[in-house]
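Hi,

Here is the structure I said I would pass on. Have a look at it first, and my notes on what turned up follow below.

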Amino acid sequence: MDYYNYYWHLSWIYLLCAAYRLADKGNCDVWLGNDRGTRYSLGHKTLSYKDYAYWNFGFHEIGEIDLPAIYDYILGTTKSPIYFIAHSLGAAEFLVSMSLHPEYISKIQGFIGLSGAVFQGNTSNPVFKAISPFVKLQQGIHDLFSIGPIVPPQVLPLMNVVGNVCSPTISLRWLCVTIMEAMIGLDSKEANYAIVPDVMSHILSSTSSRKTFHALQLINEGVFAYYNYYQRNIEVYGQPNPPSYQLNNITVPTVLFCAAGDNIVTIPDTYKLAANLPNVKKVVEIDFPKFNHFDYIYSRHINELLHDRIIELIEQDMVVDDLPNKLNA
């Protein structure tokens, strides 16, 4: 069996679950990425995370600057092909990197997007639907008062407390999952309660305001475009609206996963993404009616539903002949 680079760009707890599975079963060299500004990536050569200028980035800058540096590091260390797997906004960051740096397209052997948050015009999540219409106002307030992070690193110790509170009994773990999933769609039967304390300790991490506002813009506007500065678009882009990312030239072999219970990234929006990419091998629906956006992180059936399927995709070089259109455990 060939030896593969396998780059995961997801939340850390899922990274670890997937990494061990891929290293153990898939003969993969697994590289784990952390977005800048998260608890494991707060460093900077010249700035402190307490500085406003430190937070002057969003997922655009991660795709434009950070991911190419990661590609170069991996390729400089090993000559094996790279398969890029991403969940949620990690997929947006990957596609930004391919759109802005097409020279890397030939270096990526395959892309697997798990609930890729790219087109989000059909989002039905009640929290995001409620706050996204006010994103312009929120941006103005944060700019006026120079607020860099939407979640500052100083709150991270509090998340450890949350994890401890959710730890002692199965009833408390169920309660924590229920409170969290009330915002994204209840699927308590699928939750892996053994890892709930770790999930709750890390489910909220520090990140920049701009990254959050850009994600809300995707929901509000239904297009995959650069960051909207509104009144400053003419100054920044030379046009009244931000340009769209060019997806039609991203020829990386792609498989996309989606689920009916996911009210953040819906099945129609996943098919819209597939229609805008020229080399999508298959769109796969997870056939659990309540499988939600966070079940990609802690589903009890995550190995059968995803990890083992992904190993097969990599071993078969993204050949999807044996991959069904709908998956269930």
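This is a predicted model: local features need pLDDT of at least 70, side-chain atom pairs count only at pLDDT 80 or more; totals for chains, interfaces and linings use all residues.

H5 gives the most, with five residues.

Arg210 is worth a click, if you have the viewer open. It sits in helix H9, and at 17% relative accessibility Arg210 is classed as buried, because the cut-off for buried is under 20%. Beyond its neighbours within four places in sequence, Arg210 is in contact with Asn56, Phe57, Gly58, Glu61, Tyr227 and Tyr229.

**The chain as a whole**

Which secondary structure does the chain have? It comes to 13 helices and nine strands. For 329 residues, a compact globule would have a radius of gyration near 20 Å, and the chain, at 19 Å, agrees with that. Along the principal axes, the C-alpha atoms fill a box of roughly 55 × 50 × 40 Å.

How much of the chain counts as buried? The figure is 53% of the 329 residues. Among contacts with a separation of 6 or more, 76% are between residues 24 or more positions apart. The chain exposes about 14500 Å², with carbon and sulfur atoms supplying 56% of that area.

**The cavity**

Searching the whole structure for cavities of 30 Å³ or more gives one. The volume of the largest cavity is about 40 Å³. Which residues line the largest cavity? They are Arg309, Glu312, Leu313, Gln316, Val319, Val320, Asp322 and Leu323. By class, that lining divides into four nonpolar, one polar and three charged residues.

Val96 lies in helix H3 (residues 89-100). With a relative accessible area of 0%, Val96 is buried. Setting aside neighbours within four places in sequence, Val96 is in contact with Phe59, His60, Gly63, Glu64, Phe224 and Tyr245. Val118 is 22 residues away from Val96 along the chain, and their C-alpha atoms are separated by 9.9 Å.

Ile105 is in the loop between H3 and strand E4 (108-114). Is Ile105 buried or exposed? At 11% relative accessibility, Ile105 counts as buried. Not counting residues up to four places away in sequence, Ile105 touches Met98, Asn249, Ile250, Thr251 and Val252. Val320, one of the residues lining the largest cavity, is 215 residues from Ile105 in sequence and 20 Å from Ile105 in space, C-alpha to C-alpha.

Cheers

How values were computed: Residues are numbered from 1 along each chain as its sequence is written. Side-chain values use heavy atoms; hydrogens and water are left out. Helices (H or I, at least four residues) and strands (E, at least two) are DSSP runs, numbered from the N terminus. The radius of gyration is taken over C-alpha atoms; the globule rule is 2.2 Å times the number of residues to the power 0.38. Buried means under 20% relative accessible area, exposed over 50%, partly exposed in between (1.4 Å probe, protein chains only). Contact means heavy atoms within 4.5 Å. Accessible areas come from the Shrake-Rupley method with a 1.4 Å probe; for residues, only the protein chains shown count as cover. On a 1 Å grid over the protein atoms alone, a cavity is a set of points where a 1.4 Å probe fits but cannot get out, and a pocket is an open set with protein on both sides within 12 Å along at least five of seven lines; lining residues have an atom within 4 Å of a point. Grid points are joined across faces, edges and corners, and a volume is the space filled by probe spheres set on the points. Ala, Val, Leu, Ile, Met, Phe, Trp, Tyr, Cys and Pro count as nonpolar, Asp, Glu, Lys and Arg as charged, and the others, Gly among them, as polar.
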